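Here are my notes after going through the model you sent over. Have it open beside you while you read.

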Amino acid sequence: MAPSGLFISFEGIDGCGKTTQTAWLADALERAGRQVVKTQEPGGTLIGRRLRDLLLTDGAAPRAPQTEALLFAADRAQHVAEVIRPALERGDIVVCDRFTDSTRAYQGGGRRLPSDFVETVIGVATGGLEPRLTFLLDLPADVARARLTQHPRRERAADRFETEEPAFYERVRAAFLDLARAHPARVRVLDAAQPPDAIHALVWNAVAARLSPPLPQASSLAP
Ligand code: TYD
């Protein structure tokens, strides 16, 4: 049976603000009375949180890019089976902080793994499931880096990806933009330099129009 819920993902390089937008959209949809599952990759399940520690903790992290891609795929396979598919089958709205495009952009663009390998591991993990709508929060790599430096994560040291060289992030950003060009119906590019509430209004209007019955086109629901 084809899942009847709506699957939405947020993507972008580290520091683009997608975690805030994911939370605001999920909250606004809940306030509008919709059933929402807010989740994230890596780490949307118990197994996934262990994999997340492996992937992002310096020292424990894999050095071979193929291993890295396979561990993100393992996280995703569990996440799809345990969280995303069941939610979509119930008819819920799934709002996910990163999904398949992160593997394409980081492991494909950033680590330069061949796209046939990347698409194979993605396909094994998802069985072909992709979001219906993806918001790409686009920001130049140096601006994103400055944001992370100015507002360091309070709860922990910068993770492994946040310490990559600037050229790595330029490749990741370019790969995200290539994906948006290749999938214009699914991927909406939003300028992440805008104020967060302006981004939220654009996100809200795009999502509200897709729901049935549709929700009002307004940002009166903004936090
Ligand atoms: P994220 O959860 O966005 O980080 P944080 O919670 O610290 O904001 O993502 C963690 C890192 O994992 C991020 O640098 C991107 C990377 N990543 C990949 O390289 N490939 C993937 O498939 C996914 C899902 C994430």
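1. Where is the place of alanine 105? Alanine 105 sits in helix H4. Keep in mind throughout that this is a predicted model. Alanine 105 is buried, with a relative accessible area of 0%. Leaving out residues up to four places away in sequence, alanine 105 touches Gly110, Val172, Ala175 and Phe176.

2. One distance to look at while you are there: alanine 105 and glycine 91 are 14 residues apart in sequence, yet their C-alpha atoms are 29 Å apart in space.

3. Next, helix H7. Helix H7 takes in residues 166-182, 17 residues in total. From its first C-alpha to its last, H7 reaches 25 Å, close to the 24 Å expected at 1.5 Å a residue.

4. Which residues of H7 are buried? They are Phe168, Tyr169, Val172, Ala175, Phe176, Leu179 and Ala180. These residues cover an arc of only 145° around the axis, so they end up on the same side of H7.

5. As for the cover over the buried residues of H7, it includes strand E1 (6-11), helix H4 (100-110), strand E4 (133-138), helix H6 (141-150) and strand E5 (187-191).

6. Now the sheet. It is an open one of 5 strands, in the order E2-E3-E1-E4-E5, with parallel pairing. Its edge strands are E2 (36-40) and E5, each of which pairs on one side only. On average, neighbouring strands are turned by 20° against each other, ignoring direction.

7. E4 deserves a paragraph of its own. 6 of the 6 residues of E4 are buried, so this strand is largely enclosed by the rest of the structure. Buried here means under 20% relative accessible area. Both faces of E4 are covered: Leu133, Phe135 and Leu137 are buried on one side, and Thr134, Leu136 and Asp138 on the other.

8. Which strands does E4 pair with? E1 runs parallel to E4 and is joined to it by 4 bridges, while E4 and E5 pair in the parallel sense over 5 bridges. Phenylalanine 135, for its part, stands opposite arginine 188 in E5.

9. Helix H1 (residues 18-31) lies across E1, E2, E3 (93-97) and E4, running at about 165° to E3. Helix H8 (residues 196-210) lies across E1, E4 and E5, and runs at about 170° to E4.

10. Last, a histidine. Is histidine 79 buried or exposed? Histidine 79, found in helix H3 (residues 65-90), is buried, with a relative accessible area of 0%. Not counting residues up to four places away in sequence, histidine 79 touches Thr39, Gln40, Glu41, Gly44, Thr45, Ile84 and Cys96.

How values were computed
Residues are numbered from 1 along each chain as its sequence is written. This is a predicted model: local features need pLDDT of at least 70, side-chain atom pairs count only at pLDDT 80 or more; totals for chains, interfaces and linings use all residues. Side-chain values use heavy atoms; hydrogens and water are left out. Helices (H or I, at least four residues) and strands (E, at least two) are DSSP runs, numbered from the N terminus. The expected span of a helix is 1.5 Å times one less than its number of residues. Buried means under 20% relative accessible area, exposed over 50%, partly exposed in between (1.4 Å probe, protein chains only). The arc is that of the directions from the helix axis to the C-beta atoms. Contact means heavy atoms within 4.5 Å. Two strands pair if DSSP finds at least two bridges between them. Axes are lines fitted to C-alpha atoms, for helices over the stretch in contact, and angles run from 0 to 180 degrees between N-to-C directions.
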